Amino acid sequence: MRYRLTFLIGAAVGYVLGTRAGRERYEQLRKGAQRIAQNPAVRNTAESAAQNGRAMASRGLAKVGERLPGSVSERVRSLREQRSATEDDWGTSNT
């Protein structure tokens with residue numbers, strides 16, 4: 001209960017401070033975030049982290065597949081083969 005109350009108080013304080021800052025400050029923050037997201041160094045780091053995450057997930061899936069009974073392992077393999085080429089290991093589009 002204490003954590004829920006702390007969360008609600010934090011949300012209320014954030015709402016009040018956010019409404020006082022107004023639309024102008026929101027636009028400033030949004031533009032700053034876009035500028036950071038479009039930075040080549042940030043984009044390269046994010047892409048390499050995504051690739052490393054996909055590789056680790058694939059390795060984890062392979063390890064789990066080794067321990068599963070044959071029928072389950074074959075089912076997972078067939079599901080992976082059915083997915084389209086534009087989807088990543090999580091079933092989302094690879095943008």
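Which backbone nitrogen does a side-chain oxygen of Asn 39 reach at the start of α2? The oxygen comes to within 3.0 Å of the backbone nitrogen of Ala 41. This is a predicted model, in which local features need pLDDT of at least 70 and side-chain atom pairs count only at pLDDT 80 or more, while totals for chains, interfaces and linings use all residues. Residues are numbered from 1 along each chain as its sequence is written, and side-chain values use heavy atoms, with hydrogens and water left out.

The chain contains three helices and zero strands, giving the pattern α-α-α along the sequence. Helices (H or I, at least four residues) and strands (E, at least two) are DSSP runs, numbered from the N terminus. The predictor's confidence in each residue is expressed as pLDDT, from 0 to 100. Its mean over the chain is 80, and 82% of the residues reach 70 or more.

Helix α2 has 28 residues and spans 41 Å from its first C-alpha to its last, close to the expected 40 Å. The expected span is 1.5 Å times one less than the number of residues.

Helix α1 holds the one salt bridge of the structure. A salt bridge is a side-chain nitrogen of Lys or Arg within 4 Å of a carboxyl oxygen of Asp or Glu. Here Arg 30 pairs with Glu 27, and their closest N and O atoms are 2.7 Å apart. Side chains of opposite charge can pair when their charged atoms come close. The two residues lie three residues apart, about one turn of the helix. An α-helix has 3.6 residues a turn, so residues three or four places apart point the same way.

How covered a residue is can be described by its relative accessible area: buried means under 20%, exposed over 50%, and partly exposed in between (1.4 Å probe, protein chains only). Glu 27 is buried because its relative accessible area is 19%, whereas Arg 30, at 32%, counts as partly exposed. Buried residues make up 5% of the 95 residues in the chain.

Helix α1 (residues 2-37) also includes Leu 17, which counts as exposed because its relative accessibility is 54%. Leu 17 forms a nonpolar surface patch with Leu 5, Ile 9 and Val 13, and together they have about 380 Å² of accessible area. Patches are made of residues with over 30% relative accessible area and no salt bridge; like charges are joined within 9 Å, and nonpolar side chains (Val, Leu, Ile, Met, Phe, Trp, Tyr) within 5 Å.

Methods. Accessible areas come from the Shrake-Rupley method with a 1.4 Å probe; for residues, only the protein chains shown count as cover. A polar contact is a pair of N or O atoms within 3.5 Å; within protein, one must be able to donate a hydrogen and the other to accept it, and residues adjacent in sequence count only if both atoms are side-chain atoms.
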